[in-house]
Amino acid sequence: MKAISNDKPQGVCATDFASIIGEENAVCLWENIEIGQQKRIQQAVTSGKPPTCIVYPRTQQQLAAVIAKAHSHNWRVLPCGSGSKLSWGGLAKGVDVVVSTERINQLIEHAVGDLTVTVEAGMKFSDLQALLAKSRQFLALDPTAPESATIGGIVATGDTGSLRQRYGSVRDQLLGVTFVRADGEIAKAGGRVVKNVAGYDLMKLLTGSHGTLGLISQLTFRVYPLSEASGTVVLTGSAEAVSQAADILRGSALTPIQADLLSTKLVSSLGLGQGLGLIARFQSISESVKEQSNRVLEVGQKLGLNGAIFADADEASLWQRLQERIHFSATESVITCKIGVLPTAAVEILTQVELGLIHISSGLGLLQLEDKNQVLKVRDRTQVNRGFLTILSAPKAVKEQIDVWGYTGNALTLMRRIKEQFDCKDILSPGRFVGGI
């Protein structure tokens, strides 16, 4: 990466940003950006002229000044963290500059006794978990690409996983947020304590907004104590029996922290057996984990399902392999989608796809589909079941041909009014959100 020198004039965009930050390697011209990063950016924007540069502010104040400069010149901004989820969402239109928050990455406060933590948006998820682990605590999210994902990017994309079974979504765990508005002003909502009711709940608006309303700079979360023991049960077999097992688990007093239904190909690719699968994880004191795991095994045995219990290194490996298999594919043509259906319809959907995972209680999950025709077919089925299917990542050609979001609700007018209030010049991630917002 080459620095922008004062004695070699570049584009107005690049030199203006370099003067704000005043640090070497803080602004990188497009032609000097690493090839892999260029590809990630290109997957997030419409075809045509690429962004002029990528900017790396180191402080919240520098970030605010950068956005204020872009606002004054009407330059369109694509916000990102490390770029691990830039391929999600719609294609941003006419982007002039990419602004990364990955260097705004400090721990602000860890209130161990209050079970809260405040961090800057660019901190890596894995780094935060390592810090919390020193106090035997953790942030109850399991996002895509945990080693590279930033905290701000996780919130901006609403990216959580199977842990929502016990701990809820990203929104449920956020206590406070600081963000930079489209005009460069710094704004705050919420606070640093669990019992906080002051102000508008802007956290829910910013979560999952894909950078269209503001650039998140600082976040406060509730955190949880690490459990004494952990164990995972896997049941496999016929679709009917797995569906019955899921119904029984949903209606029981058992308290899994993660519980998902798995498609037949996902089951076989993980070496778990044949047929559909149900995977449930328990964390508590040792006696509770053992008792609950055995009760799930008994349910499976009565239904004629094959069962197994995983613990220690085998358990950790299983969940890591599961995440890698469902989030990443060997070919670039695969289309990864987020699905939401009634939990009772999950098994029906999974029998129609090769690779998929759906949470047993929320009905949310991930599918890997082969082409746009299959996307449209499965989308129709989910809508029949009062659900949705949204494309996360796909070849650019697919995103140019079909609607990424597939939204059929009646809130588009309200969404557009909110966007206009937050970003009247439409400079932040234009086109990435529902309805081309």
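The legends below describe close-up views of a predicted model. Local features require pLDDT of at least 70 and side-chain atom pairs count only at pLDDT 80 or more, whereas totals for chains, interfaces and linings use all residues. Residues are numbered from 1 along each chain as its sequence is written, and side-chain values use heavy atoms, with hydrogens and water left out.

**View 1. Burial of strand 17 (residues 355-359).** Strands (E, at least two residues) and helices (H or I, at least four) are DSSP runs numbered from the N terminus. Five of the five residues of strand 17 are buried, so the strand is largely enclosed by the rest of the structure; buried denotes under 20% relative accessible area, with a 1.4 Å probe and protein chains only. Leu355, Leu357 and His359 point one way, while Gly356 and Ile358 point the other way. In a regular strand, side chains alternate between the two faces of the sheet.

**View 2. Pairing partners of strand 17.** Strands pair if DSSP finds at least two bridges between them. Strand 13 (residues 258-262) pairs with strand 17 in the antiparallel sense over three bridges, and Leu261 stands opposite Ile358. Strand 18 (residues 364-369) runs antiparallel to strand 17 and is joined to it by four bridges, with Leu367 as the bridge partner of Gly356. Strands 17 and 18 form a hairpin with four residues between them, and Gly363 in the turn has a positive phi of about 75°.

**View 3. Surroundings of Pro51.** Pro51 lies in the loop between helix 2 (35-42) and strand 2 (53-55) and is buried, with a relative accessible area of 3%. Beyond its neighbours within four places in sequence, Pro51 is in contact (heavy atoms within 4.5 Å) with Trp30, Ile41, Val95, Asp96, Val97 and Val98.

Technical notes. Buried < 20%, exposed > 50% of the residue type's maximum accessible area, 1.4 Å probe, protein only.
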